[in-house]
Amino acid sequence: DVIIEEEECYICLENYKEKNGLKYLNCSHVFHPSCLLQWYNSQKYNNFISYNCPVCKNSIFMEKGISV
C-alpha cells in the first residue's frame with residue numbers, strides 16, 4: 001500500500017474520499033484524475049501542453065540519466 005501524506009487534492013482542495021484511482025506523479029504529489037486532466041488542459045499554450053507538476057513544477061516524466 002502507498003502512504004499518502006496529503007489529505008486533499010492540491011488543485012480542487014477537496015479531501016480524498018477514496019484512495020483508489022488517484023494519480024501519483026514522480027515527485028510524489030497526488031491528485032484526483034479529473035482535476036489533473038483539467039489542469040493540464042488549461043495549461044495549453046499554442047497547442048503545447050506543459051507536462052509539469054502543478055505544485056513543484058517538476059516534469060511528470062521520469063528522467064533517465066539524460067544530461068544537456
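This report describes the fold, the nonpolar core and the aromatic pairs of one protein model.

The structure is a predicted model, in which local features need pLDDT of at least 70, side-chain atom pairs count only at pLDDT 80 or more, and totals for chains, interfaces and linings use all residues. Residues are numbered from 1 along each chain as its sequence is written, and side-chain values use heavy atoms, with hydrogens and water left out.

**Overall fold**

The secondary structure of the protein consists of 1 helix and 4 strands, where helices (H or I, at least four residues) and strands (E, at least two) are DSSP runs numbered from the N terminus. Along the sequence these elements follow the pattern β-β-α-β-β. Of the 68 residues in the protein, 26% are buried; buried means under 20% relative accessible area, exposed means over 50%, and partly exposed lies in between, with a 1.4 Å probe and protein chains only. Among contacts (heavy atoms within 4.5 Å) with a separation of 6 or more, 24% are between residues 24 or more positions apart.

**The nonpolar core**

A nonpolar core is a set of buried Ala, Val, Leu, Ile, Met, Phe, Trp, Tyr and Cys residues joined through side-chain atoms within 4.5 Å. The largest one here has 12 residues, including Leu25, Phe31, Leu36 and Tyr40. Two elements, β2 (30-31) and α1 (33-42), each give two or more residues to this core, and α1 gives the most, with 4 residues. Leucine 25 touches Phe31, Leu36, Tyr40, Cys53, Pro54 and Ile60, when residues up to four places away in sequence are not counted.

**Aromatic pairs**

Rings of Phe, Tyr and Trp (its six-membered ring) pair if their centres lie within 6.5 Å, and planes under 30 degrees apart count as stacked, over 60 as edge-to-face and the rest as tilted. By this rule the protein has 3 aromatic pairs, and two of them are set out below.

| Pair | Centre to centre | Angle between planes | Class |
|---|---|---|---|
| Tyrosine 10 and phenylalanine 31 | 6.3 Å | 55 degrees | tilted |
| Tyrosine 40 and tyrosine 51 | 5.6 Å | 45 degrees | tilted |

Tyrosine 10 is partly exposed at 38% relative accessible area, whereas phenylalanine 31 is buried at 0%.

Because tyrosine 40 lies in helix α1 and tyrosine 51 in the segment after β4 (48-49), their pair ties together parts that are 11 residues apart in sequence. Tyrosine 40 is buried, with 7% relative accessibility, while tyrosine 51 is partly exposed, with 36%. Trp39, Tyr40 and Tyr51 form one aromatic cluster.
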